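Please examine the sequence and the model shown here. The paragraphs that follow lead through its sheet and then through one of its helices.

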Amino acid sequence: MISTKRWNDPRDTSDGFRLLVTRYRPRGVPKAKETWDDWWPQLGPSRALHAAVYGKSSAPISFDEYARRYLDEVAHETFRLRALADRATDGESITLLCSSACVDPTRCHRTILARLIMR
């Protein structure tokens, strides 16, 4: 099973392996207060894509464009994607964690990633 949350959402017993999938590590969180078991920044959107979706250097891109470009970026992460898919297939619960500011999971890479892994 694969679920998604923000990194600061309370831990639940059903979360299983909590994986932070952001390019940026949350600021000001000391190692002792991390709420995730591991951090794979390679599964987060690139800095350029992150900037594009927020319109840092031009008009913000659409979510459809963001999703397409994000899938292109993670397509080469086959080892990591397969590892997560295998763990989920073996019955392990995995929770993909994103930014505390990401309040809409339907417009977040963590949901795109969860769907990709479940395929």
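**The sheet and the helix beside it**

Lysine 5 stands opposite leucine 97 in strand E4. This is a predicted model, in which local features need pLDDT of at least 70, side-chain atom pairs count only at pLDDT 80 or more, and totals for chains, interfaces and linings use all residues. Residues are numbered from 1 along each chain as its sequence is written, and side-chain values use heavy atoms, with hydrogens and water left out.

Strands (E, at least two residues) and helices (H or I, at least four) are DSSP runs numbered from the N terminus. Strands E1 and E4 (residues 94-98) pair in the parallel sense over 5 bridges; pairing requires that DSSP find at least two bridges between two strands. In all, 4 strands form an open sheet with parallel pairing, in the order E1-E4-E2-E3. Strands E1 (2-6) and E3 (38-39) stand at the edges with a single partner strand each, so one side of each is left without a neighbour in the sheet. Helix H4 lies across E1 and E4, running at about 170° to E1 (axes are lines fitted to C-alpha atoms, for helices over the stretch in contact; angles run from 0 to 180 degrees between N-to-C directions).

Which residues of H2 are buried? They are Phe63, Tyr66, Ala67, Tyr70 and Val74, where buried means under 20% relative accessible area with a 1.4 Å probe, protein chains only. Seen down the axis of H2, these residues fall within an arc of 95°, so they line one face of the helix; the arc is that of the directions from the helix axis to the C-beta atoms. Their cover includes helices H1 (47-53), H3 (78-89) and H4 (109-118), contact meaning heavy atoms within 4.5 Å.

Conventions. Buried < 20%, exposed > 50% of the residue type's maximum accessible area, 1.4 Å probe, protein only.
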